[in-house]
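Morning, everyone. Please look at the sequence and the structure as I bring them up. I'll take the surface, then the strands, then one loop.

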Amino acid sequence: MKTITTLIVGFFLGVGSTTTFLSFRDSGTSEVWTLTKSLQTNEGMIIPSGTHFIVHKYMPEGYVSLDLNVNVEGVILKNFHKKI
(Lines give C-alpha, C1' and ligand atoms only; values in the text may rest on other atoms or scores of the structure.)
Protein backbone atom coordinates (compact mmCIF):
# COMPACT_ATOMS: atom_id res chain seq x y z
CA MET A 1 0.00 0.00 0.00
CA LYS A 2 2.88 2.36 0.84
CA THR A 3 4.43 1.72 -2.58
CA ILE A 4 1.20 2.56 -4.42
CA THR A 5 0.73 5.74 -2.38
CA THR A 6 4.32 6.78 -3.10
CA LEU A 7 3.80 6.11 -6.82
CA ILE A 8 0.58 8.14 -6.94
CA VAL A 9 2.08 11.07 -4.99
CA GLY A 10 5.17 11.00 -7.21
CA PHE A 11 3.04 11.00 -10.34
CA PHE A 12 1.01 14.00 -9.22
CA LEU A 13 4.12 15.89 -8.12
CA GLY A 14 5.65 15.26 -11.54
CA VAL A 15 2.54 16.43 -13.36
CA GLY A 16 2.28 19.50 -11.11
CA SER A 17 5.91 20.51 -11.53
CA THR A 18 5.77 19.99 -15.31
CA THR A 19 2.60 22.08 -15.56
CA THR A 20 4.17 24.84 -13.47
CA PHE A 21 7.33 24.84 -15.59
CA LEU A 22 5.41 25.02 -18.86
CA SER A 23 3.18 27.84 -17.64
CA PHE A 24 6.08 30.03 -16.47
CA ARG A 25 8.61 29.44 -19.24
CA ASP A 26 9.12 31.85 -22.13
CA SER A 27 6.35 31.50 -24.66
CA GLY A 28 8.83 31.76 -27.54
CA THR A 29 7.57 35.11 -28.80
CA SER A 30 9.75 38.18 -28.61
CA GLU A 31 8.86 41.83 -28.85
CA VAL A 32 10.72 43.30 -31.84
CA TRP A 33 11.32 47.00 -32.36
CA THR A 34 12.34 48.42 -35.75
CA LEU A 35 14.49 51.53 -36.00
CA THR A 36 12.68 54.23 -38.02
CA LYS A 37 15.69 56.50 -38.61
CA SER A 38 19.45 55.98 -38.55
CA LEU A 39 21.23 56.46 -35.23
CA GLN A 40 24.87 57.14 -34.43
CA THR A 41 26.36 55.86 -31.17
CA ASN A 42 28.79 57.83 -29.01
CA GLU A 43 31.58 55.65 -30.47
CA GLY A 44 30.63 56.66 -34.02
CA MET A 45 28.91 53.44 -35.09
CA ILE A 46 25.96 54.09 -37.40
CA ILE A 47 22.90 51.88 -37.02
CA PRO A 48 20.79 52.13 -40.19
CA SER A 49 17.04 52.57 -40.22
CA GLY A 50 15.12 49.32 -40.54
CA THR A 51 17.38 47.55 -38.02
CA HIS A 52 15.46 45.13 -35.81
CA PHE A 53 16.06 45.04 -32.06
CA ILE A 54 14.70 42.42 -29.68
CA VAL A 55 13.41 43.73 -26.35
CA HIS A 56 15.51 42.13 -23.62
CA LYS A 57 14.08 43.79 -20.53
CA TYR A 58 12.06 46.78 -19.38
CA MET A 59 14.07 48.56 -16.67
CA PRO A 60 12.41 50.18 -13.64
CA GLU A 61 14.46 53.35 -14.25
CA GLY A 62 12.35 54.01 -17.36
CA TYR A 63 14.52 52.67 -20.18
CA VAL A 64 14.46 49.49 -22.23
CA SER A 65 17.32 47.05 -22.74
CA LEU A 66 17.44 45.94 -26.40
CA ASP A 67 19.43 43.13 -28.04
CA LEU A 68 21.07 43.44 -31.45
CA ASN A 69 22.33 40.29 -33.14
CA VAL A 70 24.99 40.50 -35.83
CA ASN A 71 25.51 37.46 -38.03
CA VAL A 72 28.98 37.16 -39.55
CA GLU A 73 30.18 34.28 -41.65
CA GLY A 74 32.90 33.20 -44.03
CA VAL A 75 36.06 35.21 -44.70
CA ILE A 76 34.78 38.21 -42.71
CA LEU A 77 35.32 36.20 -39.50
CA LYS A 78 39.09 36.64 -39.97
CA ASN A 79 38.61 40.37 -39.23
CA PHE A 80 37.54 39.63 -35.65
CA HIS A 81 39.65 38.98 -32.58
CA LYS A 82 38.13 36.39 -30.24
CA LYS A 83 38.70 37.16 -26.57
CA ILE A 84 37.77 34.53 -23.98
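**A patch, a hairpin and a loop**

Start with a nonpolar patch on the surface: Ile4, Ile8, Phe11, Phe12 and Val15 form it, with about 510 Å² of accessible area together. Accessible areas come from the Shrake-Rupley method with a 1.4 Å probe, and for residues only the protein chains shown count as cover. Patches are made of residues with over 30% relative accessible area and no salt bridge; like charges are joined within 9 Å, nonpolar side chains (Val, Leu, Ile, Met, Phe, Trp, Tyr) within 5 Å. A salt bridge is a side-chain nitrogen of Lys or Arg within 4 Å of a carboxyl oxygen of Asp or Glu.

Now the ground rules. This is a predicted model, where local features need pLDDT of at least 70, side-chain atom pairs count only at pLDDT 80 or more, and totals for chains, interfaces and linings use all residues. Residues are numbered from 1 along each chain as its sequence is written, and side-chain values use heavy atoms, with hydrogens and water left out.

Back to isoleucine 8. It sits in helix H1, residues 2-24. Helices (H or I, at least four residues) and strands (E, at least two) are DSSP runs, numbered from the N terminus. Isoleucine 8 counts as partly exposed because its relative accessibility is 43%. The classes are these: buried is under 20% relative accessible area, exposed is over 50%, partly exposed is in between (1.4 Å probe, protein chains only).

Next, the strands. Strands E4 (residues 52-58) and E5 (residues 64-67) run antiparallel, joined by four bridges. Two strands pair if DSSP finds at least two bridges between them. Isoleucine 54 has aspartate 67 in E5 as its bridge partner. Valine 55 has leucine 66 in E5.

E4 and E5 form a hairpin, with five residues between them. In the turn, glycine 62 has a positive phi of about 110°. Is glycine 62 buried or exposed? Exposed, because its relative accessible area is 69%.

E4 also pairs with strand E1 (residues 32-34), antiparallel, over three bridges. There, tryptophan 33 stands opposite phenylalanine 53.

Last stop: threonine 51, in the loop between strand E3 (46-47) and E4. Threonine 51 is buried, because its relative accessible area is 14%. What does its side chain reach? The backbone oxygen of proline 48, at 2.6 Å. Setting aside neighbours within four places in sequence, threonine 51 is in contact (heavy atoms within 4.5 Å) with Trp33, Thr34, Leu35 and Leu68.

Note on methods: A polar contact is a pair of N or O atoms within 3.5 Å; within protein, one must be able to donate a hydrogen and the other to accept it, and residues adjacent in sequence count only if both atoms are side-chain atoms.
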